[in-house]
Amino acid sequence: MEKDCLFCKIANGQTETEFIYEDDKMVVFHDIKPHAPVHVLLVPKRHIRSINDLTDDDGALISDLFMLAKEIAKTVGVAESGYKLLFNVEKGGGQVIFHIHLHLIGGWKR
Ligand SMILES: [Zn+2]
């Protein structure tokens, strides 16, 4: 856990954040500033700053994130209508919280 990292605090249950899903490795919760009708964040509990900081040992973690996203899409009701999965990487890539997370975004009326 990184001191002063918001997502470490959330993952450790130190905030009021309501989880859509939690297991020993991940937490999933709604983005507090949603960019779409459905905007959830999938966050590994282990602190990794960004995609740039992944090591060869993190392959399974990234795979787990995408497999979980597939299930969460069903939970939040966008599996059929469609959604985006997105990593923002560092400031120029729009990353705001420097603890790796996968955005699941959808729910638009088309
Ligand atoms: Zn963190």
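Phe29 has Leu41, in β3, as its bridge partner. That pairing belongs to a predicted model. Strand β3, residues 38-44, has six of its seven residues buried, so the rest of the structure largely encloses it.

**Strand pairing around β3**

- Strand β2 covers residues 26-30 and pairs with β3 in the antiparallel sense. Five bridges join β2 and β3.
- His30 has Val40 of β3 as its bridge partner.
- β3 also pairs with strand β5, residues 102-106. These two strands run antiparallel and share five bridges.
- Val40 stands opposite Leu104 in β5.

- β2 is mostly covered, with four of its five residues buried.
- Strand β1, residues 21-22, pairs with β2 in the antiparallel sense. Two bridges hold this pairing.
- Glu22 has Val27, in β2, as its bridge partner.
- β1 and β2 form a hairpin, and three residues lie between them.

**The nonpolar core**

- The largest nonpolar core has 20 residues. Those with the most contacts inside it are Val27, Val28, Val40, Leu42, Val43, Ile72 and Leu104.
- Two or more residues of this core come from each of α1 (6-11), β2, β3, α2 (59-75) and β5.
- β3 gives the most to this core, namely five residues.
- Ile72 is in contact with Ile20, Tyr21, Val28, Val40, Leu42 and Leu104, leaving aside its neighbours within four places in sequence.

- Asp4 is not a glycine, yet its phi is positive, at about 65°. Asp4 lies in the segment before α1.
- Asp4 has 6 C-beta neighbours inside 10 Å, so it counts as exposed. The cut-off for exposed is 12 or fewer.
- Glu90 is another residue other than glycine with a positive phi, near 60°. Glu90 is found in the loop between β4 (83-86) and β5.
- Glu90 has 13 C-beta neighbours inside 10 Å, so it counts as partly exposed.

Notes:
Residues are numbered from 1 along each chain as its sequence is written. This is a predicted model: local features need pLDDT of at least 70, side-chain atom pairs count only at pLDDT 80 or more; totals for chains, interfaces and linings use all residues. Two strands pair if DSSP finds at least two bridges between them. A nonpolar core is a set of buried Ala, Val, Leu, Ile, Met, Phe, Trp, Tyr and Cys residues joined through C-beta atoms within 7 Å. Two residues are in contact if their C-beta atoms, placed from the backbone, lie within 7 Å.
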